[in-house]
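Visitor: I would like to learn how to read a structure like this one. Please take me through it feature by feature.

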Amino acid sequence: MTSRSASAALLALLSVIALAAPSAASASSVYARADATEVVLGNDVAERRWSRAGFRTIALTDKRLRAYRWSAGTRDFAIGTADQSLGSELFTVSRVEQQEIDGGGLRVTMTLTGVPGLTVTRIAEAYPGVAGFRMQTIVEPAAGIALGHAVLEELAPGPGRPALHAFRAGADWRDPEWTGPELQVGDPHAGTWRETRTAPEGQPVSGSGQWLSVEQAGKGRRSVFMVAEGTDFPSSRGRYDGTTAQLRADYGQDVVLLGPLEESGHVENPVSQHGRHRVAGPGERLALEPVFVGFGLDADDAAWQFAKYVREHRLRSEPGRVVFNSDRLDDDRSGAKDDADLAMVQSVADKARRLGVDTFVLDDGWQQTSGDWNADPARYPDPDFAAVREAIAPMKLGLWMSPMHFHPDSQTFREHPEWACQPYADALYLYNQGDPESGSNEAGVVPWGPDAIPFVESRIRRAIDDWGVSYFKFDFLAWLDCAGQGDFHAFRDAFVAMLDRVRADHPAVTLQIDETNDYRLFPFASTTRGPTWFQNGNPEPDLLLHNLWNLSPYVPSYALGQHVLGGDAWKKHPVPTLMTASFASHVSFFTDIRTLPDHVVDEAGAWVGWYKANRSLFTSGVTYPLLSDPLEKGWTALQTWNPERGEGALLAFRQQSDEPTATIALRNVPAGRTFRLVRAPGDAEVGVFTSDELRRGIAVEIAAKDGAQAIAIRPAG
């Protein structure tokens, strides 16, 4: 045996020893092993096998379908430069490592070599009972590399019916009838929050998107799907050619992101060649977006598998916190969007408690200067908010923050002008100075670049450690090319890495992203980490419901922040309807609660109390849209559901239908069970139903138009 062969054999043996070592994860059904020719990762419902030499997926298997192979003998990924495209089959697995992860899962890290000057790390994770895997590719060039595109994940499911979903943010200005900006180059991203492209069996589909599924016709609607856990950049795309499916990042599509100006103009590269690259310098590690690869027994099961993965293995802070934001406590005493001070906090705290609020969030007026992020001494007597925390107890303290923007008066900016993002900072500095009292300018709209992130992180950690802050609403995010600090991809990646460091150290702290302008972190870079603030203003219930109905079952609805009782909604709609409409979302009071009469506060508080007592029914599973789009103003419904537990809730709305009764069939109901149904908020008995009865549909009666019902569903007995 040659020394090279001996080294290879020893490496393979060490890999087998490492992966065969007993662990707690093995007891939870997740396993991994490696030998001289292959690497295997699986659990009791799914398995993936890779060849070590000529790195490919040997088999991607759904064990629930008699070990059905969804893909075999295909490359995993590819990266493209100006000169060539490098597929995974050109690489060899030189090292395999295993790590236990929270929740009984396993992470397998494969080091790939064989292409001179380039090392690739391929990371695969599996979790107990989840029919799928989280995959990520990290590129490390010895001499630097400029990527024009990357195939994040590739499968070969064969002929099937494809569906490609693209998800949009921009709720500040986008509505379901929006046809696009005045200036548009490339895909204008018009219309409502989700755009879906489909094709007949075996026919191609391609375009912008983050969720690509292929369903096999005539075989129980089983499917394989991929979800890119990134942002809706123009480069985020999917492709299916009739047999092979890809999620891609075509970096040449990206030109410039206009953020809040996307309403007026959208620019992306209209041709397939030339344009932006992703650059990694010598020895730098470039982490591509993760992709979840999963299987569905049908479309409903596919959505559940992704929802289960997100809820149990990606989120750290517990969802379902009821939030009040001081944004509307505005007496026009300052340019800030709120005038909250200690006296005002004390005056509204009891009303917030009666509404059932868990977290009291101070909006932009709390800070003395954005960029320094110190409490305004004119509003709050102590620098660590001790008096505020005493006033709001037992509610927790939250803060609005524009982490990547600052005010020209910031002491930090004077000390570190090099952190500003040029050339944008100079222009916005002049704009801010010219109109200093406007709402956004008073908060501070001059952008930092990524070099400021370590300082920003230190201020976030100070607020957590010293001020007791347990919730942040991050606003004013925009990803820019900053001279000398890197491109907008690197900017976003650095910010997300900071979020993940804070999440790892403070899992009880909630980090919310304001998604009301395009290209922040929506859809899955944000909702796999926590809640969003999705819809500004006080839209009518039909639009609030449409947002949830339209994005379900793909985006976790409990992550979507929308107002409750906003404006004078309680004057126009029954309070039970308004409360029921909020339960599937991130329940948020963004209203001047000083204006709410006592009878409204008491009624709403009773409904919130019921929600909190039944919180797991809304936050432990997936949300399915039922009946018709709420914008049609007829009967509509949402079903929050955990099929493994056999529990959830039915939220039904008559709206303006002339029919007082609707039959509503539930989705993904496990067979052979019985369920007890009770009605909110007093848990009045609805009845006991079998699985077949829920699947066929139950009759829901709502006596008056604009009425609603919230019905809890749990296993009987």
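Visitor: How many helices and strands does the protein have?

Guide: This is a predicted model, and the protein in it has 17 helices and 43 strands. The radius of gyration is 26 Å, close to the 27 Å that the globule rule gives for 717 residues, so the protein is as compact as a globular protein of that length. Along the principal axes, the C-alpha trace spans about 85 × 70 × 50 Å.

Visitor: What share of the residues is buried?

Guide: Buried means under 20% relative accessible area. By that cut-off, buried residues make up 62% of the 717 residues. The accessible surface comes to about 25500 Å², and 51% of that surface belongs to carbon and sulfur atoms.

Visitor: Among contacts between residues at least 6 apart in sequence, what percentage join residues at least 24 apart?

Guide: In this protein the figure is 70%.

Visitor: And the charges: how far apart are the mean positions of the positive and negative ones?

Guide: There are 69 positive and 93 negative charges, and their mean positions are 7 Å apart.

Visitor: Now the disulfides. How many does the structure hold, and which cysteines are joined?

Guide: A disulfide is a covalent bond between the sulfur atoms of two cysteines. The structure holds 1 disulfide, which joins cysteine 421 to cysteine 482 with an S to S distance of 2.0 Å. The pair links distant parts of the chain, 61 residues apart. Cysteine 421 is in the loop between helix 6 (411-415) and helix 7 (424-434), while cysteine 482 is in the loop between strand 31 (469-474) and helix 10 (488-505).

Visitor: Are those two cysteines buried or exposed, and what is the handedness of the disulfide?

Guide: Cysteine 421 and cysteine 482 are both buried. The torsion about their S-S bond is about -100°, so the disulfide is left-handed.

Visitor: Which peptide bonds are cis?

Guide: Proline 394 lies in the loop between helix 5 (386-392) and strand 28 (396-401). Another cis bond runs from phenylalanine 522 to proline 523, with omega near 5°. Proline 523 sits in the loop between strand 32 (510-514) and helix 11 (524-527).

Visitor: Which residues other than glycine have a positive phi?

Guide: Leucine 565 is one of them, with phi near 60°. Leucine 565 is in the loop between strand 34 (560-563) and helix 13 (569-572) and is buried, at a relative accessible area of 1%. Glutamine 655 is another example, with phi near 55°. The place of glutamine 655 is in the loop between strand 38 (647-653) and strand 39 (661-664); glutamine 655 is also buried, with a relative accessible area of 9%.

Visitor: How many residues of helix 12 are buried?

Guide: In general, an α-helix has 3.6 residues a turn, so residues three or four places apart point the same way. In helix 12 (residues 541-551), 11 of the 11 residues are buried, so the helix is largely enclosed by the rest of the structure. Its buried residues include Asp542, His546, Trp549 and Asn550.

Visitor: How do sequence separation and distance in space compare for particular pairs?

Guide: Take aspartate 602 and glycine 356: they are 246 residues apart in sequence and 9.8 Å apart in space, C-alpha to C-alpha. Aspartate 602 is in helix 15 (residues 598-613) and counts as partly exposed, at 45% relative accessibility. Alanine 386 and aspartate 466 are 80 residues apart in sequence, with 9.8 Å between their C-alpha atoms. Alanine 386 belongs to helix 5 and is partly exposed at 36% relative accessibility.

Visitor: Where does arginine 276 lie, and which residues does arginine 276 touch?

Guide: Arginine 276 lies in the loop between strand 22 (265-267) and strand 23 (278-280). At 14% relative accessibility, arginine 276 counts as buried. Leaving out residues up to four places away in sequence, arginine 276 touches several residues, among them Asp254, Asp481 and Asp487. Leucine 288 is 12 residues from arginine 276 in sequence and 16 Å away in space, C-alpha to C-alpha.

Key:
Residues numbered from 1 in each chain as written. Predicted model: local features only at pLDDT ≥ 70, side-chain atom pairs only at ≥ 80, totals over all residues. Heavy atoms only, no water. Helix = DSSP H or I, 4+ residues; strand = E, 2+ residues; numbered from the N terminus. Rg over C-alpha atoms; globule rule 2.2 N^0.38 Å. Buried < 20%, exposed > 50% of the residue type's maximum accessible area, 1.4 Å probe, protein only. Contact = heavy atoms within 4.5 Å. Areas by Shrake-Rupley, 256 points an atom, 1.4 Å probe, with all protein chains shown as cover. Lys, Arg positive; Asp, Glu negative; His and termini not counted. Charge placed at Lys NZ, Arg CZ, Asp CG, Glu CD. Disulfide = S-S within 2.5 Å.
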